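Subject: Structure for you to look at

Hello,

Here is the structure I said I would pass on. My notes follow below it.

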2 protein chains.
Amino acid sequence: MENNKQISIAVIRRLPRYLRYLKELLDKDIERISSKELSISMNITASQIRQDLNNFGCFGQQGYGYNVESLYLEIKKLLGLFRTYNLIIIGAGNIGQALINYENFALQGFRIIGIFDVNPKIIGFSFKGNEVRDMDTLGEFIDENEIDIAVLTLPKSKTLEVAKFLSEKNVKGIWNFSNLDIQDIKNTKIENVHLSDSLMTLSYKLNE
Amino acid sequence: MENNKQISIAVIRRLPRYLRYLKELLDKDIERISSKELSISMNITASQIRQDLNNFGCFGQQGYGYNVESLYLEIKKLLGLFRTYNLIIIGAGNIGQALINYENFALQGFRIIGIFDVNPKIIGFSFKGNEVRDMDTLGEFIDENEIDIAVLTLPKSKTLEVAKFLSEKNVKGIWNFSNLDIQDIKNTKIENVHLSDSLMTLSYKLNE
C-alpha cells in the first residue's frame, strides 16, 4: 500500500460505501469485479472508482478488474477496522438510544462500554446491559477504562465544554451529533455529524 | 447562476456545510469573507472553496472576497430551501423519534405531518402533536395529503417493499435510514443515510 498521507478526506469518506458493496459481493462469493460493474451497482462513474482506488495503490488489472477480497481487506485496513474501539455515549436521549440499539456497530468493532447522562430520571436505567451513569462520574470512568471514542449527543450549549474535558482526559476521538461543528482539539480528532446535510442533498435532488 | 446540471454530487454534499458557516457569519453581521478566511474557519483549502463556489457561478472578487448574504442566498436556492416540504416518518423507533424531536428541521422548512408504525403499543401515541398512525392507513394518508419526503426508519427487510409502494404512490423523495442502500425508483429520489460511515471516517483519522 502506498503512503496514505496524500489521500483526501473526500476519498476517505467514500470508502465505507465501497466496503459495504465489497462485503455484499464477498457474501455472494464473487471473486472479482471490474470498475464498470462496480460503477453500475454503486452508481458512481467507473473513472471515479479507478481514481479513488488508485489513491491507495489498488490498481485494477486490464481484463481482470479488482480482486474483491483483497480490495475489501485493503479498505478495511485503511479505515482502521482491524481492531476494536471502546466507545462511551454521552447523552442517553433518542439519538443516544438509537446508537445503543444499533447492533452493527459491535459487529464492526465499536463496543459501547459506558453511557452517561445528567437526567436523574434516566440514570440507573439499563440499555443492552449498560447502565446509564451519572455525568459526574465521567472523569473517573475515563481514568479507569481505556476509551477510544466518545459519542456526543448533548445539547449544543454543553458540547464544547464536554469536548474540551474529553480532550484533556486524552480521549482520542469524538463523534459529535450535537449539531455544532467543532474542530480537532489538540490530539483529539472530532467527526461532526449533521443529519440535515443529507436531507438538504435530497431537497436539492427534488428540485434538480 | 450557471446551469446546475454539471455540478457533481460531491460538491452538492458540501453545500449544507457552507450554508451553516455563512449563516453564522450572517448572524454576526459579517458582510464579506475571503476564501482564505472561510478556509480557516471551515478547515477546507481555499482553492477547494473557490473551485466549489465557481461551480455555480459564484466568483469571489479579488481584494473583496465573497458577499456573505448573496452567497448564502445562492446556496439556499440551489439546495431548494426556499420552499417547505411535507415529511412523513415511517417507523417511530429511536431514530424516528429523534428526528421528530429535532426542531431544526421545521426551521429549515421540513414539516413532519404524519408518523406511521406497525407496533400497536405505539400507535395512537402523540409526538409533538403528531399521532402515530397505523401503517395500514399509509396509502390513504398519502392520497389525501401532499407528501414530498418519506423518512424510512424501518427494519432492513421491509425497506425495499415500502420504498416501492411510496414510489407507486408518487412520493418524490425518500430519506432512508434503514442501513440498506437503495437506488432511485422511477421518479422517486432516494438518499441513503449510513451513520456508521462517519464513524469509520473517525476510525481512519485515529489510525492516520
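Predicted model: local features only at pLDDT ≥ 70, side-chain atom pairs only at ≥ 80, totals over all residues.

I begin with Gln97(B), which sits in helix H5 (residues 94-100) of chain B. The relative accessible area of Gln97(B) is 17%, and a residue under 20% counts as buried, so Gln97(B) is buried. Neighbours within four places in sequence aside, Gln97(B) is in contact with Ala92(B), Ile122(B) and Phe127(B), and also with Asn94(A).

Chain A in outline

Chain A has 9 helices and 9 strands. Along the principal axes, its C-alpha atoms fill a box of roughly 60 × 45 × 35 Å. Of the 208 residues in chain A, 50% are buried. If one takes the contacts in chain A between residues at least 6 apart in sequence, 57% of them join residues at least 24 apart. The accessible surface of chain A is about 10,500 Å², and carbon and sulfur atoms account for 47% of that surface.

Aromatic pairs

How many aromatic pairs does a search of the whole structure find? Over all chains there are 10. One of them joins Phe116(A) and Phe141(A), with 5.3 Å from centre to centre and 70° between the planes, an edge-to-face arrangement. Phe116(A) belongs to strand E4 (residues 110-117) of chain A and Phe141(A) to helix H7 (residues 138-144) of chain A, so this pair ties together parts that are 25 residues apart in sequence. Phe116(A) has 0% relative accessibility and counts as buried. Phe141(A), at 8% relative accessibility, counts as buried too.

In chain B there is the pair of Phe105(B) and Trp175(B). The ring centres of Phe105(B) and Trp175(B) are 5.7 Å apart and the planes stand at 85°; planes over 60 degrees apart count as edge-to-face, so that is the class of this pair. Phe105(B) is in helix H6 (residues 104-107) of chain B and Trp175(B) in strand E8 (residues 173-176) of chain B, so the parts tied together are 70 residues apart in sequence. Phe105(B) is buried at a relative accessible area of 2%, and Trp175(B) is buried at 1%.

Back in chain A, ring pairs link Tyr102(A), Phe105(A), Trp175(A) and Phe177(A) into a cluster.

Helix packing in chain B

Two packed helices are described by the distance between their axes and the angle between them. For helix H1 (residues 9-27) of chain B and helix H4 (residues 68-78) of chain B, the axes come within 9 Å and cross at roughly 145°. The crossing of H1(B) and H4(B) is left-handed. On the H1(B) side, the contact is made by Leu15(B), Tyr18(B), Leu19(B), Leu22(B), Lys23(B), Leu25(B) and Leu26(B). H4(B) contributes Val68(B), Glu69(B), Leu71(B), Tyr72(B), Ile75(B), Lys76(B) and Leu78(B). Sorted by class, the contact of H1(B) with H4(B) has 11 nonpolar and 3 charged residues, with no polar ones.

Val11(B) is also found in helix H1 of chain B. Its relative accessible area is 6%, so Val11(B) is buried. Residues up to four places away in sequence not counted, Val11(B) touches Asp52(B) and Asn55(B). Val11(B) and Leu206(B) are 195 residues apart along the chain, and their C-alpha atoms are separated by 26 Å.

Backbone points

Which residues other than glycine have a positive phi? Two that do are Lys128(A), with a phi of about 50°, and Asp29(B), with a phi near 60°. Most residues other than glycine have a negative phi. Lys128(A) is placed in the loop between strand E5 (126-127) and strand E6 (130-134) of chain A. Asp29(B) is in the loop between H1 and strand E1 (32-33) of chain B. Asp29(B) has 68% relative accessibility and so counts as exposed.

A strand residue in chain A

Asn67(A) is in strand E2 (residues 66-67) of chain A. Is Asn67(A) buried, exposed or partly exposed? At 31% relative accessibility, Asn67(A) counts as partly exposed. Leaving out residues up to four places away in sequence, Asn67(A) touches Glu31(A) and Arg32(A).

Regards

Note on methods: Residues numbered from 1 in each chain as written. Chains lettered and ligands numbered in written order. Heavy atoms only, no water. Phe/Tyr/Trp six-rings, centres within 6.5 Å; stacked < 30°, edge-to-face > 60°. Helix = DSSP H or I, 4+ residues; strand = E, 2+ residues; numbered from the N terminus. Buried < 20%, exposed > 50% of the residue type's maximum accessible area, 1.4 Å probe, protein only. Axes fitted to C-alpha atoms, helices over the stretch in contact; angles between N-to-C directions. Left-handed = near helix turned anticlockwise from the far one by under 90°. Contact = heavy atoms within 4.5 Å. Nonpolar A, V, L, I, M, F, W, Y, C, P; charged D, E, K, R; others polar. Areas by Shrake-Rupley, 256 points an atom, 1.4 Å probe, with all protein chains shown as cover.
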